[in-house]
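Student: Please take a close look at one part of this model for me. I would like the helix packing and the sheet beside it, in one connected account.

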Amino acid sequence: MKTFCSFSLLLFAASLLMVSCAGESTVNGDAADGPNATTVADNGAIHTLPALPYDYDALEPHIDAKTMEIHHTRHHQAYINNLNNAIAGSPLENMSIEEMMATMSQHSMAVRNNGGGHYNHALFWEILSPNGGGEPEGALGEAIVETFGSFEAFKEQFHRMGMTQFGSGWAWLLVDENGQLQVSQTPNQDNPLMDIADVQGTPILGVDVWEHGYYLKYQNRRGDYINAFWNIVNWDAVSEKYRAAIQ
Ligand SMILES: [Fe+2]
């Protein structure tokens, strides 16, 4: 009996160790892309998955429903789970996601990858709309023409940022510290809010050029995906972010 109990305890301890190791491997790496990312209960979670303001199939044919569902419920959720695990019990529990980005040089790679992943995807969902497309009007439209020469010239520069980002990452339109518009690119889940970004400022538009964002429909054709992206940009939402950023 004693031998059986000892063996059971050993098995129990081994299973705990395996769970612990699995958690570490997803939190520290960028295994948020993997299908078995760690999860924490939503009850009491520090950061939670924001609901999409449209259905998963609402952006078709530009982004297909399956991609949207997996992107939102698996990828974004995994970043959130891993972020919550990474900051549990630390002062970062009480820090806003924006403040976390702005002080990123002081945080771990787990916070950088997963905090960035959460921030970036939350912004991405906001700046898309089934009623999007066209060109921005008002102050943002004028600032784009003033900065880049024309809306078409801006699109070309933004497109180039997305195309030349080697591997996974993002292309951005941002407002810098002087209130000027700039385009930039960041690797992985970095973003312009981070104090480690090459070009820093407040992002108001971003396109996710990770393959998980387009591979099901576009395979290797990143350019086709970015071209389609313009049809679903919610310029009202981007204009609102621009107004807030220049205040
Ligand atoms: Fe993504």
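Tutor: Here is a walk from a helix pair to the sheet. The model is predicted.

Start with helix α2, residues 65-87, and helix α4, residues 109-126. Their axes come within 8 Å and cross at roughly 140 degrees. Angles over 145 degrees would count as roughly antiparallel. At roughly 140 degrees, α2 is therefore oblique to α4. The crossing of α2 past α4 is left-handed. On the α2 side, the contact is made by H76, Y79, I80, N82, L83, A86 and I87. On the α4 side, A110, V111, N114, G115, G117, H118 and H121 take part. By class, the residues of this contact are 7 nonpolar and 7 polar, with no charged ones.

Now follow α4 to the sheet. Helix α4 lies across β1 and β3. Its direction runs at about 85 degrees to β3.

The sheet is open and has 3 strands, in the order β2-β1-β3. Pairing is antiparallel. The edges are β2 (181-187) and β3 (202-208). Each edge strand has a single partner, so one side of each is left without a neighbour in the sheet. Neighbouring strands are turned by 25 degrees against each other on average, direction ignored.

Strand β1, residues 169-175, pairs with β2 over 7 bridges, in the antiparallel sense. In this pairing, G169 stands opposite P187 of β2. Another helix packs on the sheet: α6, residues 151-164. Helix α6 touches β1, β2 and β3. The direction of α6 makes about 10 degrees with that of β2.

Key
Residues are numbered from 1 along each chain as its sequence is written. This is a predicted model: local features need pLDDT of at least 70, side-chain atom pairs count only at pLDDT 80 or more; totals for chains, interfaces and linings use all residues. Axes are lines fitted to C-alpha atoms, for helices over the stretch in contact, and angles run from 0 to 180 degrees between N-to-C directions. Helices (H or I, at least four residues) and strands (E, at least two) are DSSP runs, numbered from the N terminus. Angles under 35 degrees count as roughly parallel, over 145 as roughly antiparallel, 65 to 115 as roughly perpendicular and the rest as oblique. A crossing is left-handed if the near helix is turned anticlockwise from the far one by less than a right angle, and right-handed if clockwise. Two residues are in contact if their C-beta atoms, placed from the backbone, lie within 7 Å. Ala, Val, Leu, Ile, Met, Phe, Trp, Tyr, Cys and Pro count as nonpolar, Asp, Glu, Lys and Arg as charged, and the others, Gly among them, as polar. Two strands pair if DSSP finds at least two bridges between them.
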